[in-house]
Amino acid sequence: MNRRTFLLISKDTDLRTLLQQASPQTDIHTANTVSEGLSVWPEILPALVFCEGNPRSLTPLLEYGRHVPASPPVIVIGDGHSIKDAVAMMRAGVADYLTKPILLEELQVAITRVLHRPAPLPSSSP
């Protein structure tokens, strides 16, 4: 059986530990910045991407994901963002938005929900 791979874009080492606990049968690759994450994405082909950031810093990540066939879902982890920022990120295409501090059970539920969500249907052009 092939192991899943997740990409975590964050400088927070506690998040990596929590992610390993939430999904122990997963390979977790980390990057400190969005640009670092984008450079390793094509090599590791993650099943799921976790990222800390604000709407402006996540724009390149979300744009890249729109142009990649079978792009993995992105879960944003917020720390002190406003509701306006969370809504903006959800509208921009993130699969889920979690706020710190994150409980282990909350993370496990989010991973299961996002990975088992049906893929969106391609939009048809008029």
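Guide: Helices (H or I, at least four residues) and strands (E, at least two) are DSSP runs, numbered from the N terminus. This is a predicted model, where local features need pLDDT of at least 70, side-chain atom pairs count only at pLDDT 80 or more, and totals for chains, interfaces and linings use all residues. Residues are numbered from 1 along each chain as its sequence is written, and side-chain values use heavy atoms, with hydrogens and water left out.

Visitor: Where is Ala70, and what is its phi?

Guide: Most residues other than glycine have a negative phi. Ala70 has a positive one, near 55°. Ala70 sits in the loop between helix 3 and strand 4 (74-78). Its relative accessibility is 79%, so Ala70 counts as exposed (over 50%; buried is under 20%, partly exposed in between; 1.4 Å probe, protein chains only).

Visitor: What is the phi of Leu45?

Guide: Leu45 also has a positive phi, near 45°. Leu45 lies in the loop between helix 2 and strand 3 (48-52). At 62% relative accessibility, Leu45 is exposed.

Visitor: Which residues does a cis peptide bond join?

Guide: Most peptide bonds are trans. Here Lys100 and Pro101 are joined by a cis bond, with omega about -5°. Pro101 belongs to the loop between strand 5 (96-99) and helix 5.

Visitor: At what angle do the axes of helix 2 and helix 3 cross?

Guide: Axes are lines fitted to C-alpha atoms, for helices over the stretch in contact, with angles from 0 to 180 degrees between N-to-C directions. Helix 2 (residues 34-44) and helix 3 (residues 55-66) have axes that come within 9 Å and cross at roughly 15°. That makes the two helices roughly parallel (under 35 degrees; over 145 is roughly antiparallel, 65 to 115 roughly perpendicular, the rest oblique).

Visitor: Which residues make the contact?

Guide: Contact means heavy atoms within 4.5 Å. Helix 2 gives Val34, Leu38, Trp41 and Pro42. Helix 3 gives Ser57, Leu58, Pro60, Leu61, Tyr64 and Gly65.

Visitor: How is the aromatic pair of Trp41 and Tyr64 arranged, and what are its values?

Guide: A pair of aromatic rings is described by the distance of the centres and the angle of the planes. Trp41 and Tyr64 lie 4.9 Å centre to centre, with 70° between the planes. That is edge-to-face (over 60 degrees; under 30 is stacked, the rest tilted; centres within 6.5 Å, six-membered ring for Trp). The pair links helix 2 to helix 3, 23 residues apart.

Visitor: Is Trp41 buried or exposed?

Guide: Trp41 is buried, at 2% relative accessibility. Tyr64 is partly exposed, at 27%.
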